Amino acid sequence: MHQTKIWVTVLKRTAVIIAAIIAFFPIYWLIATSFKPFEEWASWPPIWLTDNPTLQNYRIVFFPDMAREFATQQSGSLDYKVSGSAWKAFKGSAIISIVATFFSVTFGTLAAYSIVRFNTGGKNYPFQFLTVRMVPPIAVVVPMVVLFSILKLSDTYFGLILAYTAFTLPFSIWMIRSFIDDVPAELEGVAMIHGMTQLRAFLTVTLPLVKGGILSTALFIFILNWSEFLFALVLTAGNVVTVTLQVANYVSASSGKLYGVQAAMGTVSTLPVILFGYLIQRHIVRGLTFGAVKR
Amino acid sequence: MIQSNANAIKLEIRDLRKVFDGAEAVKGSNLTLKRGEFLSLLGPSGCGKSTTLALIAGFLEPTSGEVLIDGNPITHIPVQKRRIGLVFQDYAIFTKLSVKQNLLFGLEAQKVRRVEREKSVAEFAEKLGLNGLMNNRGSDLNMSEMQRVALARVLVTKPELLLLDEPMSNLDAALRASLRGELKQIQKDLEQTVLYVTHDQIEAMSMSDQIAVMNNGNILQIDSPEDIYRRPQSRFVAEFIGEPLINMMSCEVFSTSDALLLSTQAHKEMRLQRGWGESGKYLLGIRSHHITVEHEPFSGSVGVIVKLVENYGSEHVLHVIYGDESMTVMVSPGFAREGDNVHVAFDLKDVSLVDPATDQIHHPDKLDETA
């Protein structure tokens, strides 16, 4: 009896460990590759942990000119000519992702409140929002390229912000709706009975209660925006560069894809997301009961 | 002529109707509530009483009709300007705020001066016995404490009219009994006008000056608790009020040359006074404790057999076979056992006669006076 319990525990733990290995392997491989010298990027058999760690890949990401000189000294072993700059890409991604996330969450909160409290659009309205996400983005890319070029939005920050806001809004509404749904209308009722307008009741009573939910949604939307590739690719032409585009830029004519450099860029670009997640983690906990109202 | 302040009408609702998606929740209610009066809106769940409350508070807009406070129509005034207090069924305490912050909430929202705020809050904390709880968080309170906090939070703003939506439905029976007296006492002390929504007849009976019985979106009768109990005007009111359920026996009224007579299955030709009404078949409503019961036959009694004895503690309820119908009779404990023969009679002045076609009730003795 006791014996079987131990076996069940062992099996469960093993399953968890295997799942964790599968989940963390790409991250491990990304980081490991980012420190490998050129010869080991795609060698066979694979090198799990390099014996010759180098910062060369990071140097290329952050200081492309220095890296180029270095490469010349190494007598042209590798053509390090890459287009674009990581700095520009980080700036572009930061502007677009932050602004688009802000719009998405702001409009999402207002729309969700309206849907929950005023039953705006009727019962099926929230589902209609989700249908936007049922269309694979690739299907709307061509019309969007045409539309954006007519509207002169191609290759602008505003254009990408607009596209990202539109495509993440359904998620924002859907997620925030569930948080607002958990706040009893009676709490706002109390505020209104005591002389507050509905807007003031929303701002003073409901908003503080759903703050954690809104921040969690913001993190989710930020990750979507930060890692978006397709729209960034087709709606820009060099003026606006995002992190994901820059990863794809690390290609050389003679050597093909620069896996090590791409890995370095990838590693660096996950840092802002981790930082954002770390900063808001104490708000993400949703264990607190909102009101004294039984559901 | 100016009405005296004490009798001024605080709340009036006129032909109030509310239709939700084609379903009529409130069907043209009329009601007046005098200043300082305690009126209960009593009815089963889904009868429209909470909707009526929401219409008065302003959370819902009526389909038609009017709500007036102090004679002024407020139907189109938003909730926050109505100066009506409301305690929700689930209290809606701000769980993250302390009790004191909860009490201060309304006064802060109304931008009352700080000194006055503190003074009022201290006064009502004292009145409702919250002094020991002022620094507790809302989430640490039990149901009865929440109820007090919710009540204090609204009373502290001195509302023109206080609406209470089933405020005791979350409390257990013992607590309810003690709070009924307390709530009534506070209401009297403050001369607070109260509209109390409940489905519990004991709450309504024990606290109210007036009871409005509601069913299916209609207010069926507004009367004092005494008259609601003794003189129900419809079958619904008669059966909704009172424990055990009022007896409804079949009976027939017929006239002879010199008298109007009433016969039930067991009692024959009881004499009704003239001018009472028409001949025909009726239901005779009689409450269990209005029936006289003896071991030996007495004037006007008929013999019946005890089928079942129900123990209410302080009283027993006999289920007896009356004709081929069942009837309940209230007796003191130990009066009779199952299978016993007892004798029962009742006075026609305690009887409600229900017209089966309309479910309206005629009261023989009341009509006698006018005849």
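Two strands count as paired if DSSP finds at least two bridges between them, and strands and helices themselves are DSSP runs (E, at least two residues, for strands; H or I, at least four, for helices), numbered from the N terminus. With that in hand, we can walk through this predicted model, where local features need pLDDT of at least 70, side-chain atom pairs count only at pLDDT 80 or more, and totals for chains, interfaces and linings use all residues. Residues are numbered from 1 along each chain as its sequence is written, while chains are lettered from A and ligands numbered from 1 in the order in which they are written.

Let's start with chain B. Here you'll find an open sheet of four strands, in the order 2-1-4-5, with antiparallel pairing. Strand 2 (23-34) and strand 5 (72-73) of chain B sit at the edges with a single partner strand each, so one side of each has no neighbour in the sheet.

Now look at strand 1 of chain B, residues 9-20. Five bridges tie it to strand 4 (residues 64-69) of chain B, and the two run antiparallel. Along this pairing, E12(B) stands opposite L68(B), and R14(B) faces E66(B). Strand 1 of chain B also pairs with strand 2 of chain B, again antiparallel, over nine bridges. There, R17(B) has K27(B) as its bridge partner. The hairpin of these two strands has two residues between them, and D21(B) takes a positive phi near 45 degrees in it.

On to chain A and its helices. Helix 9 of chain A bends by about 55 degrees at L207(A), with P208(A), a proline, following within four residues. That bend is the angle between axes fitted to the seven residues ending there and the seven starting there.

How confident is the predictor? On pLDDT, its confidence in each residue from 0 to 100, chain A has a mean of 86, with 88% of its residues at 70 or more.

Finally, the two chains meet: 17 residues of chain A are in contact (C-beta atoms, placed from the backbone, within 7 Å) with 22 residues of chain B.

Note on methods:
pLDDT is the predictor's confidence in each residue, from 0 to 100.
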